[in-house]
Amino acid sequence: MDDVNRTETGNEETGRWKNFNSWIKYYFNYECYMTFLNGCYSCEWQAQQKKKARRPLCCCSLRERLFYPWLIMSFCLSVLLFFTWIETSNEFNGFDWVVFLGTGVWFFWSIVLLSFLGILAAYTTLLLVLGFLLCWEKQQLYLHWYHKILVLIMIPFFLFLLWILLTFWKDRWLTIGLSLQVFSPYIHLSSISVMVLLSWPVAFYLIHLEGEARMRRYQITSNERRRNTCCSMLTKLRALQVAIGVPFFLILLCLYVVPFGTYSPCLQEKEKLAPKPTFFGHRGAPMLGPENTIMSFEKAVEYGAHGLESDVRISFDGVPFLMHDYDLTRTTNIKEVLPNASSRHPSLFQWSFLTTLNAGKWFSDAWIKPFFRMKPLSEADKERARNQKIAKLTDLLAIAQKEKKLVIFDLESPPSKHPSRLSYIHLVVRVILDSKIEQHLIAWLPGSEREYIKSKAPGFQHVGTFYTLEELAEENITRINVDYKRLYYNGLREYKAANISINLYIVNEPWLFSLVWCHSIQSVTTDNIEVLNGMTHPYYFMTPNFYLFLWIFMDILSAVFIVSIFHFHWNLCCFLFYPTEASSASLQNEVLEIMGTPAPFPERERETASSKAVIPEVVNETTAPTMHPTNDVGQPVPTEPAFEPIQAPISEANREATLQTVLPILEANEPAVPSVEKPPPET
């Protein structure tokens with residue numbers, strides 16, 4: 001009984017699976033696929049034909065051909081801007097701060113712009129892919145006017161963004177060059193893999209065009225009336241082959257021959273790799289604590305900072321304190337305490353008022369964090385951050401003296417009508433000397449009144465910016481602090497040759513820190529000290545021998561794949577266009593139905609094959625007529641039917657094609673068969 005129930009259950013499950021399979025075949029078929037393509041591209045959701053249409057090489061109207069370059073242009077611009085913005089991720093926090101200065105609202109504007117550019121790039125890519133698939137299926141292209149309007153709107157928007165980058169952020173393009181230095185070996189090897197994937201459609205089109213060209217050439221010899229038209233089409237076919245094949249093989253040859261990855265500084269022997277760069281905490285550790293506060297500097301020391309970086313301003317009563325922004329809105333609660341004065345310059349407040357402001361709640365309690373990749377704080381750190389106040393310069397010097405850390409800072413001049421407008425440098429030097437900090441721990445960055453500094457504090461380490469070697473020698477400066485994008489110019493090789501210690505700011509991304517490490521830079525200023533301190537080796541590092549092995553291996557493997565793909569398509573094309581007598585007609589029809597190509601049998605071969613399959617051997621004119629036996633009256637005597645070969649059944653489509661071919665032959669050969677006259681009856 002259990003076996004019977006189990007059998008019935010199995011039969012029921014099998015029936016359900018069959019019903020489910022038939023449901024899949026009903027809804028997800030070629031008709032559904034073509035409807036989806038045309039619906040997304042042309043907004044026409046009507047059911048499409050089940051078989052590929054036989055259309056000419058260019059299956060779109062003149063209007064579509066004129067608009068398609070604009071679509072390609074919008075695709076290129078969107079991908080370029082999207083790639084540029086991804087590579088400048090190290091500048092996202094600076095971009096958010098610039099937008100905050102203009103709008104007064106702190107938000108991840110860089111991530112919003114990145115998402116928007118990604119959506120536009122995906123949109124234009126989807127349109128190109130849909131157009132390619134429709135061309136593959138030999139469908140007529142018609143881009144809906146909704147898409148055309150959006151594409152035409154995107155082009156001026158992209159050009160406007162490019163104008164902004166070229167006008168205000170010219171140095172952002174240097175970041176792309178630096179990223180290419182890091183990723184060039186991997187881009188080289190990945191490009192070879194991409195060429196292998198592209199070889200499938202390239203081989204399909206090249207060999208299909210070759211088959212079409214041979215068929216056109218055969219028609220030229222068999223049909224003189226269409227010679228001019230076929231010659232013109234043959235020229236177009238050859239031009240398409242050249243336009244598709246030559247760029248493909250030239251790019252492939254360059255990837256095979258030129259080792260682009262050898263220009264990467266991360267391609268070197270392990271023995272030649274320099275020590276890991278040291279860190280200057282940019283405003284402390286701003287991802288772990290509120291910037292320019294005691295908590296932030298202590299967190300930087302905890303994670304192994306070699307030096308501490310900050311921004312110094314002078315209060316109205318002459319107290320140097322730490323603040324970066326031009327107002328107190330972002331990093332304090334001044335809007336709650338004194339809303340009307342929130343936009344005033346920080347140096348216009350008395351220190352007694354500044355000490356009353358909270359400098360940590362914006363960091364711990366805000367729903368928008370200062371950094372997008374910032375990790376959640378523990379409850380203890382949140383409570384500690386809530387109690388932070390604006391720090392004085394003497395607080396920073398005390399931490400540096402205790403932990404033996406270098407101190408480097410930007411000194412901003414006070415605004416006009418400030419009491420210390422002309423003496424702020426002397427004031428700061430006096431505060432530093434009064435703190436009793438060791439003078440060699442001060443990395444003096446401001447470029448004004450260096451002679452006064454050397455006379456008052458000869459132990460200070462003077463730090464220059466992007467000075468020439470002659471200027472550095474005149475000022476006796478052995479350390480420079482420059483933007484990391486300056487690394488693009490020969491890797492600052494001349495400064496390293498002159499034994500100048502280099503510090504780069506601001507380096508937050510691991511790939512950028514890896515590049516700095518491979519360039520043998522001594523130190524960096526960073527916000528992301530927690531992540532960079534945990535790196536034990538540079539990312540994307542590779543030895544030359546290993547890269548050479550991967551390069552040769554990828555060349556050989558890709559060549560084998562590409563040759564195999566072309567060989568497969570060539571055999572398939574020969575099978576379709578030049579079938580043998582042993583080829584199965586049913587198999588050919590199935591393959592032709594899949595490929596969407598009508599049976600391209602030449603007329604002469606089709607006539608020959610049909611005549612051999614249907615027409616018996618024609619009697620020659622010199623053959624003697626057959627004499628039929630007669631009886632005594634002269635009437636013909638019926639005889640046994642002659643043996644006829646049994647032929648295979650022919651389908652209706654083949655029968656009609658055969659009759660169309662055979663009838664003209666029978667009419668042409670009819671006079672060649674002599675008629676047998678009936679003898680007169682005997683009397």
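Reply: The accessible surface of the protein comes to about 38,500 Å², of which 62% belongs to carbon and sulfur atoms; such areas come from the Shrake-Rupley method with a 1.4 Å probe, and for residues only the protein chains shown count as cover. This is a predicted model, in which local features need pLDDT of at least 70 and side-chain atom pairs count only at pLDDT 80 or more, while totals for chains, interfaces and linings use all residues. Residues are numbered from 1 along each chain as its sequence is written, and side-chain values use heavy atoms, with hydrogens and water left out.

Me: How many helices and strands does the protein have?
Reply: Helices (H or I, at least four residues) and strands (E, at least two) are DSSP runs numbered from the N terminus. By that assignment the protein has 24 helices and nine strands.

Me: What percentage of the residues count as buried?
Reply: Buried means under 20% relative accessible area, exposed means over 50%, and partly exposed lies in between (1.4 Å probe, protein chains only). Of the 683 residues of the protein, the buried share is 43%.

Me: Which helices do the buried residues of H4 pack against?
Reply: Helix H4 covers residues 92-103, and its buried residues are Phe92, Phe95, Asp96, Trp97, Val99 and Phe100. An α-helix has 3.6 residues a turn, so residues three or four places apart point the same way. The buried residues of H4 pack against helix H3 (62-87) and helix H5 (109-136).

Me: How far apart are the end C-alpha atoms of H4?
Reply: The expected span of a helix is 1.5 Å times one less than its number of residues. For the 12 residues of H4 this gives 16 Å, and the model agrees, with its end C-alpha atoms apart by 16 Å.

Me: Is isoleucine 153 buried or exposed?
Reply: Isoleucine 153 is in helix H6 (residues 145-168). Together with Tyr142, Trp145, Tyr146 and Ile149, Ile153 makes a nonpolar surface patch of about 510 Å². Because its relative accessible area is 52%, isoleucine 153 is exposed.

Me: Is isoleucine 500 buried or exposed?
Reply: Isoleucine 500 is in the loop between helix H18 (493-497) and strand E8 (501-505). Leaving aside neighbours within four places in sequence, its contacts (heavy atoms within 4.5 Å) include Leu469, Ile480, Tyr495 and Gln522. Because its relative accessible area is 8%, isoleucine 500 is buried.

Me: How far apart in space are isoleucine 500 and leucine 469?
Reply: The two residues are 31 residues apart in sequence. From C-alpha to C-alpha, the distance in space is 9.1 Å.

Me: Which peptide bond is cis, with omega near -20°?
Reply: Most residues other than glycine have a negative phi, and most peptide bonds are trans. Isoleucine 506 is in the loop between E8 and helix H19 (510-518). The cis bond runs from tyrosine 505 to isoleucine 506.

Me: What is the phi of asparagine 292?
Reply: Asparagine 292 lies in the loop between strand E1 (278-282) and helix H9 (294-302), and counts as buried at 3% relative accessibility. Although asparagine 292 is not a glycine, its phi is positive, about 60°.

Me: How many disulfides does the structure hold?
Reply: A disulfide is a pair of cysteine sulfur atoms within 2.5 Å. Cysteine 254 counts as partly exposed at 39% relative accessibility, whereas cysteine 266 counts as buried at 1%. The number of disulfides in the structure is zero.

How values were computed. Patch = residues over 30% accessible without salt bridge, like charges linked within 9 Å, V, L, I, M, F, W, Y side chains within 5 Å. Salt bridge = Lys/Arg side-chain N within 4 Å of Asp/Glu carboxyl O.
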